[in-house]
Amino acid sequence: ITNGGVQGPIEGYNSLDVDDLLTTTPTPGQSALLLPTGPTAAYTHPKWMEPYFDPSTPRNVTALMGKSAYLSCRVRNLANKTVSWIRHRDIHILTVGSYTYTSDQRFQATHHQDTEDWTLQIKWAQKRDAGMYECQISTQPVRSYFVRLNVVVPTATILGGPDLHVDKGSTINLTCTVKFSPEPPAYIFWYHHEEVINYDSSRGGVSVITEKGDVTTSFLLIQNADLADSGKYSCAPSNADVASVRVHVLNGKYPLPFPKIRAAQMEGRAPKLYPSPRANTRLSRP
């Protein structure tokens with residue numbers, strides 16, 4: 001026992017042997033010294049020593065479908081308390097400490113002692129895994145920290161759809177973007193009327209340029225457009241659903257009634273093509 005940094009008994013006081021306390025029956029005088037003489041208050045844990053959540057922990061997490069999702073919960077001063085993860089969709093306890101309490105073995109909790117982080121890993125995340133998750137400390141009452149998981153699916157889009165209008169003899173330029181993909185698609189096929197476009201066909205003038213990255217972009221270029229090039233075009237990445245657009249090759253006449261032409265032009269979806277004076281006269285009749 002140390003006394004203010006001084007080893008051994010302090011002058012004027014006798015040293016106290018712990019074994020004597022455990023084996024010796026105290027005299028009445030000793031009892032008066034050892035036992036409290038009045039009511040004692042219950043021990044109160046200091047507020048600054050109680051567990052609390054690190055408020056800088058992200059509350060919104062986005063994961064890619066098919067990849068692992070990681071939800072963090074950073075707890076300070078945990079001491080002998082435990083941390084649990086609960087899925088709010090069905091109020092299901094997923095993990096308690098490092099133990100998994102669900103038959104779905106995709107869920108696993110990992111404790112990183114250096115960061116005091118309790119991370120919930122969801123392997124091969126699915127769309128149904130999206131939603132609210134609760135990180136809970138076993139205090140009385142319990143303390144909770146909520147994290148929302150968003151699961152995104154790779155998506156392909158052809159810009160300017162669903163209808164594109166080009167003049168005969170011009171170049172058809174279709175742009176397909178692939179977003180929310182964990183990695184660039186291994187390939188992108190282009191289709192015309194449900195048939196794969198052959199870039200080396202006798203028609204000629206057909207080329208594809210693909211730029212891979214966080215957002216992969218594929219450009220289909222068809223030079224000297226002809227009426228036979230009209231129809232449905234589809235972009236089919238290896239890791240996303242097919243995106244389609246319909247192309248109209250115009251031979252100096254617009255296929256829609258004039259009022260719809262004007263509406264399309266107002267929305268920026270159509271070229272400024274003008275009908276003949278005869279058509280104007282016909283449309284102006286009451």
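How many disulfides does the count come to? A disulfide is a covalent bond between the sulfur atoms of two cysteines. With the rule that a pair of cysteine sulfur atoms must lie within 2.5 Å, the count comes to two disulfides. The structure is a predicted model, in which local features need pLDDT of at least 70, side-chain atom pairs count only at pLDDT 80 or more, and totals for chains, interfaces and linings use all residues. Residues are numbered from 1 along each chain as its sequence is written, and side-chain values use heavy atoms, with hydrogens and water left out.

Cys73 sits in the loop between β5 (69-71) and β6 (75-76), while Cys135 belongs to strand β12 (residues 131-137), so the pair ties together parts that are 62 residues apart in sequence. Helices (H or I, at least four residues) and strands (E, at least two) are DSSP runs, numbered from the N terminus. The torsion about this S-S bond of Cys73 and Cys135 is about -80°, so the disulfide is left-handed. Cys73 is buried, at a relative accessible area of 0%, and Cys135 is buried with a value of 0%. Here buried means under 20% relative accessible area, exposed over 50%, and partly exposed in between (1.4 Å probe, protein chains only).

Another disulfide joins Cys176 to Cys235, at 2.0 Å from S to S. This pair links distant parts of the chain, with Cys176 in strand β16 (residues 172-179) and Cys235 in strand β21 (residues 231-237), 59 residues apart. The link of Cys176 and Cys235 is left-handed, with -70° about the S-S bond, and both Cys176 and Cys235 are buried. Counting bonded cysteines along the chain, the disulfides follow the pattern 1-2, 3-4.

Charged side chains come next. Side chains of opposite charge can pair when their charged atoms come close. Taking a salt bridge as a side-chain nitrogen of Lys or Arg within 4 Å of a carboxyl oxygen of Asp or Glu, the count comes to ten salt bridges. Among them, Glu50 and Arg143 meet at 2.5 Å, N to O. Glu50 lies in the loop between α2 (28-34) and β3 (52-53) and Arg143 in strand β13 (residues 143-152), so this pair ties together parts that are 93 residues apart in sequence. Glu50 is buried at 17% relative accessible area, whereas Arg143 is partly exposed at 29%.
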